[in-house]
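Biologist: I'm new to reading protein models. Could you walk me through this one, step by step?

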Amino acid sequence: MVGILAFRFEPINKKSLLKSLKGITHKLCKQHQIDLQDIGLIVHTGTYRQNFRQEPAFAAHLQQALKIGCEDISSSSKHVFSFDVLDGSCGPHHALETIADLLPTMDCKYALFTAGDYRPNKETEWNHNPISFVAIISKDGPLEILDCSFDYKQQNGFTSTAIMNKKYHSEAFTSDPEITNHRIEDDIFIASSEWLSGEQVSRFFEWAKSKNGIITHRIKNRNGRVSNLRWRVNIE
Amino acid sequence: MNTQISGFACYLPPNLKTSEDTIPFGTLPRGIDFKRLTKIESHHEVLEGQGSLELAVEAANKAIERSGVSKEEIDLVISCSVTKLNSKLQNLIEPCLASNISTALGINAQNFDVANACSGMVTGLLIADRKIKAGKIRNALVVSGEYLTGALYEALGKNLLLNPKALASLTIGDAGGAYVISRSEEDRIRFFEPITLAQYSQLCIGDAAIGRPGPAMRTESRKLQNAALSNLGEYLKRDIKSPEEWSSHQHVISHQTTPRAVEKGALVIGKALGHSEAVRSINDTGNTASTSHVTVLEKLLEDGKLESNQKIYFIAFGSGLSLIGMNFYLPLGVEKW
């Protein structure tokens, strides 16, 4: 059993994603008296990176900014493992499930899950107001990750690529994205396909914290891929 | 639940380029000979119409066939490429590359991308291993297509005396790689502690190129190599308890930056645990990023050096700086592939 112990988010506005995530991670840990050095796994998800960066993982940059596990290896040194999990707006579900699979087998107390996006550069059209999101995940958090299911049968031909523009690469689409509007049906939170990763999880968890029992977060992203992540909420 | 590697394959596009042709003497500043410096003889480049997707699909089909697992039995596809480029050097953002690979292969399964630089495939194998052990899936395809040579030509377009961080881009080559990981009666895979030494995360950066299509890679190669080598011995000694345990590995395969760097790694390994003669390296592919381990395995297979139940040790290094060790037993019947 693995669950979310605490979370925090903020609009990125004109900050860099890295600075925003660093800041809210520090605030979250202070608020909940969590020692940053007890984090042993960092998994980040998002769709867009600065100048469409491909390596290293964004999570490694964040680990460096947080200064955790940044010492050379010795027989007694304590380390962190960081990487990114990506699938557009559905990325948070794969990333959270990956943490749920890895954390129980790791020798650490907490995992840090982060979500957020950069405007890649000024030549990329940008209609998003990205939100940075962090969550501390433990082996007994009250927002328990149950299981994930995926349905790709409705996937459409929408694709997004970064192509050379004037000086920089910018995003180009093959067709208009499919729009799914946000709504709530009983205990299923259906997200808007226009939300980026940070907004997906921040809006869901704001809703989830007032719930109890089993709830579902459904994301149908802009090319029709659907994922459902089920949770058990045990907040007293 | 236990796990095994049931299939693996590498695809090298048949477009072989020698180092003399691509990086002739005089390309490097101060009269340095690229081939003498790196010991790379040649690398492979994509054919017209090929990109990351096509390289990955070629390798995946071969790995699935060798595994004996049907596509209907694959419940997860993880793409681990550093590059997600189509044949026009356009970077695929959405859907994820794993989705494109799954569609091309006709596999209807959960799929997503993992980004962890050159350690991506070993990270993907670790995730798949844990999902199988948790009883969530039966088999997974861990796959990568590395269309890297766009970065090589980006570097060749620069004045390398003024852009020394572009030099490492000259060592790369294109390849596809894939593994099928499956349930097993006995445990045939072991992962060692995965570590990211993020104090070195700025030493190798791969971005979209500025002013031209495709990627650009900037690396402080000497610092990165020193960081990797100075941590390698301690990393191995943390989990490998004795030289006897270490010498049970028939083949030790490190990330292949250059044959010269692998030689240096072998010296560190020899000093830490001995048995450095098991360290393998190849000189005809260049650095193929996340696919480099499976590229060496394929070469050993071609040379008739792999046998059922041989024990292999992988040490993955990637920009970040990540280090992940794993060992596994080769599938039964590998010599007949």
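Modeller: For 236 residues, a compact globule would have a radius of gyration near 18 Å, and chain A agrees because it has 18 Å. Before we go on, this is a predicted model, where local features need pLDDT of at least 70, side-chain atom pairs count only at pLDDT 80 or more, and totals for chains, interfaces and linings use all residues. Residues are numbered from 1 along each chain as its sequence is written, while chains are lettered from A and ligands numbered from 1 in the order in which they are written.

Biologist: How many helices and strands does chain B have?

Modeller: Helices (H or I, at least four residues) and strands (E, at least two) are DSSP runs, numbered from the N terminus. Chain B has ten helices and 16 strands. Its radius of gyration is 19 Å, close to the 20 Å the globule rule gives for 337 residues, so chain B is as compact as a globular protein of that length. For chain A, the tally is four helices and twelve strands.

Biologist: What share of the residues in chain B is buried?

Modeller: A residue is buried if 20 or more other C-beta atoms lie within 10 Å of its own, exposed if 12 or fewer, and partly exposed in between, with C-beta atoms placed from the backbone. In chain B, 61% of the 337 residues are buried; in chain A, 52% of the 236 residues are.

Biologist: How many residues does each chain give to the contact between chain A and chain B?

Modeller: Chain B gives 48 residues and chain A gives 48 residues. Among the elements of chain B giving two or more residues to that side are helix 5 (120-133) and helix 7 (221-239).

Biologist: Which strand of chain B is joined to strand 3 of chain A?

Modeller: Strands pair if DSSP finds at least two bridges between them. Here, three bridges join strand 3 (residues 81-86) of chain A to strand 6 of chain B, and the two run antiparallel. In strand 6 of chain B, Val114(B) is the bridge partner of Val85(A).

Methods
Two residues are in contact if their C-beta atoms, placed from the backbone, lie within 7 Å. The radius of gyration is taken over C-alpha atoms; the globule rule is 2.2 Å times the number of residues to the power 0.38.
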